[in-house]
Amino acid sequence: MRLGTAISDILHAQRGSLFPWVPVLLGAGIGFYFSLKSEPSGAVIAGLAALWLLSGACAVQRRPLAFLCWAPALVAAGLCLAYARTHWVSAPVLDFRFYGPVEGRVIALDRSPTDALRLTLDQVRLGRVAQEDTPARVRISLKGQAVIPPPGARVMTTAHLLPPQGPAEPGGFDFRRHAWFKQLGGLGYTRVPVLLAEAPGAAVPVEQLRRGLARYLQQRLPGETGGFAAAVTAGDRSGVSQETLEALRQSNLAHLLAISGLHMGLLTGFVFAALRSMMCLVPWIALHWPVKKLAAVAALSAGAGYLLLSGGSVATERAFIMVAVMFGAVLLDRRAITLRAVAVAAVIVLLRRPESLLSPGFQMSFAATAALVAVFAALRDREVPLGPRWLRPVAALVVSSAVAGAATAPFAAAHFNTIPHYGLLANLLSVPVMGSVVIPAAVLALCLAPFGLEWIGLSVMKWGMDWILWVARGVSGFDGAVSHVAAPGPWVLPLLAGGMIFAVIWRGRLRLAGLLPAAAALGIWAVAERPGILIADSGGLVGVMEDRGRALSRAKGQAFTAEIWLENDGDAASQPVAASRWTEVRGALPVWHGGHFRLIHAPGARKLSAVNGCSGGDIVISTVPGEDGCLVLTPEVMRQTGSLALTRDGKLLTARQAAGDRPWTGWQPEGPEIRRLRLLLNGGKSQ
């Protein structure tokens with residue numbers, strides 16, 4: 001009884017901060033669902049739904065400690081929500097390599113990592129494929145296409161399509177899950193022209209407006225400046241080169257390309273402040289009208305327009321929800337920026353798209369926002385001065401940039417394997433220009449457009465964007481601008497996030513206890529070991545960890561997989577440099593000796609023919625079938641497993657094992673070759 005009373009007293013002291021725990025518990029249930037190795041049965045989901053209802057009924061009784069029932073209720077709700085979303089978006093996925101006619105409506109245009117223009121099509125028709133087996137959407141890269149079809153146009157071409165591919169290594173980023181929630185059932189390319197089958201209709205007017213605005217800005221602001229302008233106004237990154245994108249990433253300014261919280265906050269904040277100031281200049285209006293609320297409504301309307309114009313991406317949607325919560329609080333005469341407002345925005349985002357919990361954008365944006373709210377609230381409550389009045393804006397900028405950078409750094413390093421060392425400097429030089437020059441100039445250009453004077457705003461906007469690009473290129477060119485880190489284990493980010501959330505939300509000195517799991521997560525990350533041997537599911541690349549770093553079996557080909565492996569190793573080497581680490585014998589045939597087995601990479605029939613027989617300890621990786629008696633791992637064999645990770649002590653991990661049997665994985669049982677491989681790696685002993 002005393003224990004219950006003590007817990008009740010503690011939680012009573014936390015009553016004002018209980019609501020911020022709602023998205024945390026909801027997210028815990030969603031995260032648990034995505035961590036499962038098999039899909040829950042209908043009976044399990046029904047039981048969890050019953051637990052949800054019973055726990056909720058218990059919680060509303062308002063008895064001592066009854067509110068603790070909200071914890072299992074929200075965790076169960078999160079799991080059920082993720083399950084429902086997964087099956088709601090279910091759509092056909094190709095299970096074979098397709099080549100033939102493709103027809104569909106253009107709904108999006110972007111660029112691939114190789115800088116090729118890509119079309120996303122819906123209302124798809126594939127030659128010789130039944131409509132019930134046809135993916136809802138496909139994405140096609142255009143090779144050598146001169147004419148870009150407009151959004152809303154119905155096009156046709158002849159293309160190569162593949163199912164979404166699995167992780168480049170076991171436990172890595174699973175693109176199949178990402179594609180599942182986007183309903184992308186096929187991805188590929190075409191080398192023939194795309195033909196216009198039907199002109200754009202009225203079904204996608206917003207997309208046509210976005211594309212028209214992007215083209216207009218690229219014409220009026222040529223070069224990288226126009227591409228940058230199109231990205232921050234219309235969400236169209238097709239005009240941004242890979243070189244510029246890399247410079248922005250290495251200077252920690254890539255967030256300026258994504259229309260997210262910064263852009264939405266700057267735009268709506270500028271509209272709110274400008275309108276409120278103008279109305280206050282008229283005494284009668286200031287005395288008789290609720291100028292603050294009118295300005296909030298106008299700013300919210302501007303944000304809604306920006307959301308539509310930008311294409312409504314997940315990041316922009318999330319930013320608009322946070323802005324809507326903030327201005328909604330203004331309309332209700334409540335404090336606009338609190339942890340409660342951040343929690344409301346997080347709950348809305350998770351209810352709409354539970355899968356966004358796993359995205360870097362969700363994690364980084366809410367980490368930065370929560371940290372900023374907590375730090376500035378602490379400074380306000382403790383009345384910590386930020387210097388004289390004239391210096392406070394500069395001090396606030398430095399503090400906010402440092403806090404946001406520190407809060408997002410672990411998540412950025414975990415997802416992108418890089419740490420920009422001069423990101424604070426680049427942001428201090430760029431963010432004020434974005435807020436005081438670029439955004440106001442864009443609004444000015446929009447207001448002057450009906451009078452044909454938009455060139456005034458665009459000229460000012462160009463100056464600001466040129467400055468930001470100059471800063472990005474300069475900072476990214478510094479020696480040691482970026483360091484590389486290895487990918488963390490699966491428990492690092494949950495442990496780190498849990499500790500930091502506790503430290504931010506809890507009140508009192510006990511919040512410092514949250515630093516313990518966060519420190520433990522960083523310690524686990526620091527000693528994490530990378531797989532000794534990695535094998536691509538295509539059979540086209542093998543990577544072995546050596547003292548100098550990972551040695552790759554090929555200097556060319558499989559560039560995407562090679563880049564992912566080296567990034568996850570925290571290795572800045574290029575593929576040719578990594579290939580030079582591989583010891584080659586038998587001429588051009590890559591061989592690696594690993595204790596009681598020998599690994600031979602022989603892609604293609606010519607190299608496979610150079611393998612003169614197989615001993616009992618030979619493992620041959622090839623892209624074509626081999627001789628009888630040889631243990632040859634081909635793409636057909638590894639279709640059962642996906643990519644492979646091997647260790648010298650005989651352990652084998654497959655991508656299928658790591659991902660489990662989920663709707664997006666296409667589970668297949670392991671064949672005799674994989675069972676033989678496990679036996680060989682275990683020294684002839686069954687596992």
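The legends below describe an overview and close-up views of a predicted model.

**Figure 1. Overview of the chain.** The predicted model has 25 helices and 18 strands. Of the 687 residues in the chain, 45% are buried. Among contacts with a separation of 6 or more, 65% are between residues 24 or more positions apart. The chain has an accessible surface of about 33,600 Å², and carbon and sulfur atoms contribute 63% of this area.

**Figure 2. Packing of helix 7 against helix 17.** Two packed helices are described by the angle between their axes and the distance between the axes. Here helix 7 (residues 224–234) meets helix 17 (residues 454–476) at an angle of about 105 degrees, and the axes are 10 Å apart. Angles of 65 to 115 degrees count as roughly perpendicular, and helix 7 and helix 17 are therefore roughly perpendicular to each other. On the helix 7 side, the contact is made by E224, T225, F228, A229, V232 and T233. Helix 17 contributes M461, K462, M465, D466, I468, L469 and R473.

Figure 3. A407 is part of helix 15, which spans residues 392–416. With a relative accessible area of 16%, A407 is buried, because the cut-off for a buried residue is under 20%. Apart from neighbours within four places in sequence, A407 is in contact with A367, A368 and A371. A370 is 37 residues from A407 along the chain, and the C-alpha atoms of these two residues are separated by 8.9 Å.

**Figure 4. Salt bridge between R662 and E39.** The structure holds 13 salt bridges. In one of them, the side chains of R662 and E39 meet with an N to O distance of 2.9 Å. R662 lies in the loop between helix 24 (655–659) and helix 25 (672–681), and E39 lies in the loop between helix 2 (21–35) and helix 3 (42–59), so the pair ties together parts that are 623 residues apart in sequence. R662 is buried, at 3% relative accessibility.

**Figure 5. Salt bridge between R154 and E103.** The closest N and O atoms of the salt bridge between R154 and E103 are 2.9 Å apart. R154 belongs to strand 4 (residues 154–162) and E103 to strand 1 (residues 98–111), so the pair ties together parts that are 51 residues apart in sequence. R154 has a relative accessible area of 11% and is buried. E103 also counts as buried, at 18% relative accessibility.

Figure 6. The side chains of R581 and D571 form a salt bridge with an N to O distance of 2.8 Å. R581 is in the loop between helix 21 (575–579) and strand 12 (584–585), whereas D571 is in the loop between helix 20 (559–569) and helix 21; the two residues are ten residues apart. R581 and D571 are both buried.

**Figure 7. Nonpolar patch around V282.** A nonpolar patch on the surface is formed by M278, L281, V282, W284, W289 and L294. Together these residues have about 650 Å² of accessible area. V282 lies in the loop between helix 9 (261–280) and helix 10 (283–288). V282 has 36% relative accessibility and so counts as partly exposed.

Definitions and conventions. Residues are numbered from 1 along each chain as its sequence is written. This is a predicted model: local features need pLDDT of at least 70, side-chain atom pairs count only at pLDDT 80 or more; totals for chains, interfaces and linings use all residues. Side-chain values use heavy atoms; hydrogens and water are left out. Patches are made of residues with over 30% relative accessible area and no salt bridge: like charges are joined within 9 Å, nonpolar side chains (Val, Leu, Ile, Met, Phe, Trp, Tyr) within 5 Å. Accessible areas come from the Shrake-Rupley method with a 1.4 Å probe; for residues, only the protein chains shown count as cover. A salt bridge is a side-chain nitrogen of Lys or Arg within 4 Å of a carboxyl oxygen of Asp or Glu. Helices (H or I, at least four residues) and strands (E, at least two) are DSSP runs, numbered from the N terminus. Buried means under 20% relative accessible area, exposed over 50%, partly exposed in between (1.4 Å probe, protein chains only). Axes are lines fitted to C-alpha atoms, for helices over the stretch in contact, and angles run from 0 to 180 degrees between N-to-C directions. Angles under 35 degrees count as roughly parallel, over 145 as roughly antiparallel, 65 to 115 as roughly perpendicular and the rest as oblique. Contact means heavy atoms within 4.5 Å.
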